[in-house]
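Here is a set of exercises to work through with the model open beside you. Try each task yourself before you read its solution.

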Amino acid sequence: MRLTLQANYAVRTLLYCAANPDKPSKVPEIAATYGISETHLFKVMKILVDNGFIKTLRGRNGGILLAQPADEMSLGAVIRAAEENFYLSDCFDPGKRDCPLITSCEFNRVLYEALAAFFDVLDSYTIADIARNRQNLRSLLSIEVAAHPMLEAADLS
């Protein structure tokens, strides 16, 4: 199984925002950091906004922010929102169920079990879990540190 770039960028966008909670993140900066087009990022953002993961702020000081705490956003929920489907084989696609074994295929049962296990693992982690080392993420993503010394001192743990 391979996730689409859309799901990958959705998680990356949320990581960026989680690493930069003190101010709105700018779309051009996020796009440049990950080497993707702003147009593609706007498509991903629509999914994230529609599903309540981010909120947008208009204006000169606008950008995007997490719409809920990072520790309340499961990776499974993000992936489910960002992926179009989870067809592990043609048998999963309702429009392509032409196999004579469809009603009693053990392979299908195993694949459904594997998909459930996949989501069990993703559901056990949050954006906060993968953004735990905020200082390192800021460095890797070239995010300027906020001009709040007290906030930065509290973030060293």
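**Exercise 1. Find the stretch to read with care.**
Task: Over which residues does pLDDT stay under 50, and how many contacts beyond four places in sequence does the model have for them?

Solution. Start with the term: pLDDT is the predictor's confidence in each residue, from 0 to 100. The stretch is residues 148-157, where pLDDT stays under 50. For these residues the model has nine contacts beyond four places in sequence, a contact being heavy atoms within 4.5 Å. Where pLDDT is low, the predicted coordinates should not be read in detail.

Before going on, note how the numbers here are made. This is a predicted model, in which local features need pLDDT of at least 70 and side-chain atom pairs count only at pLDDT 80 or more, while totals for chains, interfaces and linings use all residues. Residues are numbered from 1 along each chain as its sequence is written, and side-chain values use heavy atoms, with hydrogens and water left out.

Now step back to the chain: its mean pLDDT is 85, and 89% of its residues reach 70 or more. Among its elements, helix α4 (residues 75-82) has the highest mean pLDDT, 97, and helix α8 (residues 149-154) the lowest, 45.

**Exercise 2. Describe the fold.**
Task: How many helices and strands does the protein chain have, and in what pattern do they follow along the sequence?

Solution. First, the rule: helices (H or I, at least four residues) and strands (E, at least two) are DSSP runs, numbered from the N terminus. Counting gives eight helices and two strands. Reading along the sequence gives α-α-α-β-β-α-α-α-α-α. Next, look at contacts between residues at least 6 apart in sequence: 61% of them join residues at least 24 apart. Finally, of the 157 residues, 39% count as buried; buried means under 20% relative accessible area, exposed over 50%, and partly exposed in between (1.4 Å probe, protein chains only).

**Exercise 3. Explore the largest pocket.**
Task: What is the volume of the largest pocket, and which residues are the closest to its centre?

Solution. Begin with the meaning of the word: on a 1 Å grid over the protein atoms alone, a pocket is an open set of points where a 1.4 Å probe fits, with protein on both sides within 12 Å along at least five of seven lines, and lining residues have an atom within 4 Å of a point. The volume of the largest pocket is about 210 Å³. Of the 13 lining residues, Cys-17, Ala-18, Pro-21, Leu-66 and Arg-134 are the closest to the centre. The elements that give two or more residues to the lining are α1 (5-19) and β2 (63-66), and β2 gives the largest share, three residues.

Notes
Grid points are joined across faces, edges and corners, and a volume is the space filled by probe spheres set on the points.
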